[in-house]
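Here is a short report on a two-part question: how is the chain divided, and what holds the parts against each other? The structure comes first, then the reading.

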Amino acid sequence: MKLKQRVVLLAILLVIFIFTKVFLIDNLDTSAANREDQRAFHRMMASLRVELDPRLDHTLQSPWEIAAQWVVPREVYPEETPELGAVMHAMTTKKIIKADVGYKGTQLKALLILEGGQKVVFKPKRYARDYVVEGEPYAGYDRHNAEVAAFHLDRILGFRRAPLVVGRFVNLRTEIKPVATEQLLGTFMTVGNNTCFYGKCYYCRETEPACADGDTMEGSVTLWLPDVWPLQKHRHPWGRTYREGKLARWEYDESYCDAVKKTSPYDSGPRLLDIIDTAIFDYLIGNADRHHYESFQDDEGASMLILLDNAKSFGNPALDERSILAPLYQCCIIRVSTWNRLNYLKNGVLKSALKTAMSHDPISPVLSDPHLDALDQRLLSILATVKQCTDQFGPDVVLVEDRMTLSHL
């Protein structure tokens, strides 16, 4: 064989060797990542059921100190939380030492201080479980049980970006009124044999109070994030106008995502992928009301999009508001880890997992069966949407790696 032929042959063999090596390494890396996603899923499934147990093993800290130490820039609580049941038990049983009107907003809520100085937000029951909220997808009062269900869905999806929520029964006469501020107390009234209050908020009306069953009111309590993590509010790039006849740009411009990608903080870092995770989360729960969102301050787009205020969810199980998915189908990208988790949850696993996760909540059953069935149906729509994207652009473009090592130190 001539020297020139040998050189050409060696060059071809070298190219084949390099290509094979890169291909194998990529496949090994992908397989390793997928195996880790699968292990994480199995760990989550094994810890779904949260026993509300007051015992805190191997620590002298209060449940509030433990929960505060969980918070880091990319999650509210860690993947493995053996103390979760103890923290939630404290949220639903600790003595209320002060009650005030809720923080500024459109919906009725109360701000409670629990023994030990922990703030929680109390949202009262307004609807029976089988009540269907008609009209716009963001219509109606807040649903307290939606906050509980959304928190557990956040656990199941592996996001860990929602503050802790648990159901609680409170006696308005013996637990709230004796420690209520004058501002809150002034909104109490009696309707028939029931104690009621209407609070202070944009839509709060004396003619539309929330009423207890006698003196006992069902509601949800959301754990206040530690003050050392101040929040920054952002307008959601896919927010609605809430004006009849006026569309937001994303509702008529199919290239809208290209414009979003050129603006901070969506031009780099994890924020755009967080927006898409949130769209998937909101579509599953039927929340079309995320016009703003919060992150930690001065984060330059690096911290998570925090899944706060999920109470405009689970209103109508028959309504699948596809426009909630606009960030997904307009940008056509999704985290590989999110994609893997969604696939693990199909074939009825999501419904079963959420039902199990909520089974020990004090206000269980948290959701009616039609809402649980709707979750599985909506999951299929999400999977189909991603498939349309991969068919059009290819999986290498659509499925994006974004695995961040999280520190709990």
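The chain is divided into domain 1 (63-223) and domain 2 (231-400). These bounds come from an automatic or database domain assignment. The model is predicted: local features need pLDDT of at least 70, side-chain atom pairs count only at pLDDT 80 or more, and totals for chains, interfaces and linings use all residues. Residues are numbered from 1 along each chain as its sequence is written, and side-chain values use heavy atoms, with hydrogens and water left out.

**Domain interface**

The C-alpha centres of the two domains are 23 Å apart. In contact (heavy atoms within 4.5 Å) are 48 residues of domain 1 and 48 residues of domain 2. The buried area is about 3700 Å², with carbon and sulfur atoms giving 65%. Buried area here is the accessible area (1.4 Å probe) that two parts lose on being put together, summed over both. Y138, I156 and R161 supply 19% of what domain 1 buries against domain 2, more than any other three residues.

Polar contacts link 18 residue pairs between the domains, both residues at pLDDT 80 or more. A polar contact is a pair of N or O atoms within 3.5 Å; within protein, one must be able to donate a hydrogen and the other to accept it, and residues adjacent in sequence count only if both atoms are side-chain atoms.

Which element gives the largest share of the side of domain 1 that touches domain 2? Helix α4 does, with 13 residues. Helices (H or I, at least four residues) and strands (E, at least two) are DSSP runs, numbered from the N terminus.

**Salt bridges**

A salt bridge puts a side-chain nitrogen of Lys or Arg within 4 Å of a carboxyl oxygen of Asp or Glu. The rule finds 22 salt bridges, and 4 across the interface of domain 1 and domain 2. Two examples follow.

| Salt bridge | N to O distance |
|---|---|
| K123 and D309 | 3.5 Å |
| R74 and D274 | 2.8 Å |

R74 lies in the loop between α2 (63-70) and α3 (84-93), and D274 in helix α8 (residues 271-285), so the pair ties together parts that are 200 residues apart in sequence.

An open sheet of 3 strands runs in the order β5-β6-β7, with antiparallel pairing. Strands pair if DSSP finds at least two bridges between them. The edge strands, β5 (188-191) and β7 (210-211), each pair on one side only. Strand β6 (residues 194-197) is joined to β7 by 2 bridges. C196 stands opposite C211 in β7.
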